[in-house]
Amino acid sequence: MSEQTNAPEHEQEAAEQVEQAAQTHETEQEETQAQTDVSPEEEIAGLYAELEAAKQTIKDQQDGVVRAAADVENMRRRAAQDVEKAHKFALEKFANELLPVIDNLERAIEFSDKENETLKPVLEGIDMTLKSFADALSKFGVETVNPQGESFNPDLHQAMSIQPSNDVSPNTVLAVMQKGYTLNGRLLRPAMVMVSKEAE
């Protein structure tokens with residue numbers, strides 16, 4: 001008799017436990033449903049926001065790659081220019097040291113006694129030396145600036161004096177006191193000149 005009484009109690013407890021488990025399960029499902037229950041518009045808006053963020057990231061990365069490529073190209077171009085300048089102007093100091101030699105050879109010819117027969121062979125030798133010297137320099141890009149009769153150019157000439165003159169227009173080079181020289185277009189030494197001005 002006591003066993004029969006215990007059996008319904010056990011069944012009742014088991015039923016209560018099953019019911020309680022079912023309620024807990026329903027509550028969890030409802031919470032999960034509430035969390036995932038997002039309207040389609042909100043879901044689409046969220047996806048669009050993620051897409052825009054991804055697009056912006058890609059754009060930023062593309063910009064970074066383009067900038068890096070441009071920087072590399074600029075560095076390569078600058079390096080090439082530096083090498084070219086080094087080749088062009090490596091002889092600058094050496095050429096500057098040779099200019100006084102040319103000046104002295106020219107002075108020797110200019111101030112010598114050309115009527116003296118004894119000096120003629122020496123003058124011819126100096127003249128030939130000067131010409132071969134000038135030819136050798138021109139092979140390496142050294143050019144003479146001899147602006148006699150030309151307009152004064154402050155980029156290439158240095159005015160040592162100004163002389164009034166009616167014969168030529170103002171700012172004309174009347175005399176070259178010392179020739180100038182360029183190396184591949186870059187000024188080594190300006191020509192020292194006398195410049196005309198309008199006569200009073």
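Reader: In strand 6, which residue is the bridge partner of A175?

Author: In this predicted model, the bridge partner of A175 in strand 6 is M194.

Reader: What makes strand 3 and strand 6 a pair, and in which sense do they run, parallel or antiparallel?

Author: Strand 3 (residues 173-178) and strand 6 are joined by 4 bridges. Pairing requires at least two bridges, so the two strands qualify, and their sense is antiparallel.

Reader: How do you know that strand 2 and strand 6 pair, and in which sense?

Author: Strand 2 (residues 157-165) and strand 6 (residues 191-198) share 8 bridges, against the required at least two. Their sense is parallel. Within strand 6, V193 stands opposite A159.

Reader: What is the strand order of the open sheet, and which strands stand at its edges?

Author: The open sheet has 3 strands in the order 1-4-5, with antiparallel pairing. Strand 1 (142-145) and strand 5 each have a single partner strand, so they stand at the edges, and one side of each is left without a neighbour in the sheet. Neighbouring strands of this sheet are turned against each other by 35 degrees on average, direction ignored.

Reader: How do you know that strand 1 and strand 4 are paired?

Author: Strand 1 and strand 4 (residues 180-183) run antiparallel and are joined by 4 bridges. One example is T144, whose bridge partner in strand 4 is Y181. Helix 3 packs on this sheet and touches strand 1, strand 4 and strand 5. The direction of helix 3 makes about 50 degrees with that of strand 5.

Reader: Why is helix 3 called roughly antiparallel to helix 4?

Author: The axes of helix 3 and helix 4 (residues 120-139) come within 10 Å and cross at roughly 150 degrees. Angles over 145 degrees count as roughly antiparallel, so helix 3 and helix 4 receive that description. The crossing in which helix 3 passes helix 4 is left-handed.

Reader: Which residues of helix 3 and helix 4 meet?

Author: Helix 3 contributes L98, V101, I102, L105, E106, A108 and I109. On the side of helix 4, they meet L123, I126, D127, T129, L130, F133 and L137.

Reader: What makes R189 and D103 a salt bridge?

Author: The closest N and O atoms of R189 and D103 are 2.7 Å apart. The cut-off is within 4 Å, so the pair meets it. R189 lies in strand 5 (residues 186-189) and D103 in helix 3 (residues 92-110), so the pair ties together parts that are 86 residues apart in sequence. Both R189 and D103 are buried, that is, under 20% relative accessible area.

Reader: Which residues are linked with E73 in a network of salt bridges?

Author: E73, R76 and R77 are linked in such a network. For R76 and E73, the closest N and O atoms are 2.6 Å apart, and the two residues lie 3 residues apart in helix 2, about one turn of the helix. E73 is partly exposed, at 31% relative accessible area. The count for the model comes to 9 salt bridges.

Methods: Residues numbered from 1 in each chain as written. Predicted model: local features only at pLDDT ≥ 70, side-chain atom pairs only at ≥ 80, totals over all residues. Heavy atoms only, no water. Salt bridge = Lys/Arg side-chain N within 4 Å of Asp/Glu carboxyl O. Buried < 20%, exposed > 50% of the residue type's maximum accessible area, 1.4 Å probe, protein only. Axes fitted to C-alpha atoms, helices over the stretch in contact; angles between N-to-C directions. Parallel < 35°, antiparallel > 145°, perpendicular 65-115°, else oblique. Left-handed = near helix turned anticlockwise from the far one by under 90°. Contact = heavy atoms within 4.5 Å.
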